[in-house]
Amino acid sequence: MRGEAYTKGEDEYIAGLWLRDFPHGLLWTVEVSSETSRAPDPDYWAPTWSWASIAGEVYWPARTIERHQRDDFTVELLGNELRVAKENPMGTVLGGHIRMRGRLRSLSCITKPVEWGALLRYRYDLWCNGQVIGNGSVDVDADETAEGAWLLQMHLQQPGDCFFPYHPTALIVQILPGSWMKFVRIGCAVLDDEKLDFFDLCTPQEFEFY
């Protein structure tokens, strides 16, 4: 890793996540009944892919679940370009991004199913080419459809894996305006069983994650 990170033994701590567990660490999910917001502290910055960017309750898929014990992650961390405060390398992040490689595909839009009610206000349908291909959760409540949304495959999804929100298999990301292959995280998702071929024609691409 080229950027700055706290090292403990052979492991590295990068903005709230440990390197040895990095793909799984990215799959945190906002608790459905939790009020959330971005940038809880104006003096602290965290990348959107880190749980530390959220003020609210989050959780991770259980390691005891077989589907998350399989070695089938499809993303790769290529580099760390983060800048951290020297006095607290496990705390304040000053800026930067990570470089990754993975399968990405753009979505037409994501929309909120009105009939799901207030308790599930973070649940969205994922649309591509006029069809719903899965459902997801956004990290911060939004009433408007997210523009420029893409889906990043995190690991191979098998039939029956679409038990959401507890076992996401992809991240919903949003391209930064005026950029190419620079993304922020806005949520996580699963594909419908009938759409498991969604990423089949996608080749892994390098991108920056902020």
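Me: Strands are DSSP runs (E) of at least two residues, numbered from the N terminus. In this predicted model, in which loop is M181 found?
Reply: M181 has a positive phi near 60 degrees and is a residue other than glycine. Strand β17 covers 170-175 and strand β18 covers 182-191. M181 sits in the loop between β17 and β18.

Me: Is M181 buried or exposed?
Reply: Buried means under 20% relative accessible area. The relative accessible area of M181 is 8%, so M181 is buried.

Me: Which loop holds A15, and what is its relative accessibility?
Reply: A15 is a residue other than glycine with a positive phi, near 50 degrees. Its loop runs between β2 (11-14) and β3 (17-18). A15 counts as buried because its relative accessibility is 9%.

Me: Which backbone atoms does the side chain of T48 reach?
Reply: T48 lies in the loop between β5 (37-38) and β6 (54-55), and is buried, with a relative accessible area of 15%. One distance from its side chain is 2.8 Å, to R185; another is 2.5 Å, to Y210. The atoms reached are the backbone nitrogen of R185 and the backbone oxygen of Y210.

Me: Leaving aside neighbours within four places in sequence, with which residues is T48 in contact?
Reply: R185 and Y210, whose backbone atoms the T48 side chain reaches, are both among these residues.

Me: Why is strand β14 largely enclosed by the rest of the structure?
Reply: Strand β14 spans residues 123-128, six residues in total. It is largely enclosed because the buried ones number five of the six.

Me: Which residue in β15 is the bridge partner of W127?
Reply: Strand β14 runs antiparallel to β13 (residues 109-111), with three bridges, and antiparallel to β15 (residues 131-138), with six bridges. W127 belongs to β14 and stands opposite C109. In β15, the partner of W127 is V132.

Me: Which residue takes a positive phi in the hairpin of β14 and β15?
Reply: This hairpin has two residues between its strands. The positive phi is near 55 degrees, and it belongs to N129.

Me: Among contacts in the chain between residues at least 6 apart in sequence, what percentage joins residues at least 24 apart?
Reply: The chain has one helix and 19 strands, and buried residues make up 48% of its 210 residues. For contacts between residues at least 6 apart, the share joining residues at least 24 apart is 64%.

Notes. Residues numbered from 1 in each chain as written. Predicted model: local features only at pLDDT ≥ 70, side-chain atom pairs only at ≥ 80, totals over all residues. Heavy atoms only, no water. Helix = DSSP H or I, 4+ residues; strand = E, 2+ residues; numbered from the N terminus. Buried < 20%, exposed > 50% of the residue type's maximum accessible area, 1.4 Å probe, protein only. Polar contact = N/O pair within 3.5 Å; in protein donor to acceptor, adjacent residues only side chain to side chain. Contact = heavy atoms within 4.5 Å. Pairing = 2+ DSSP bridges.
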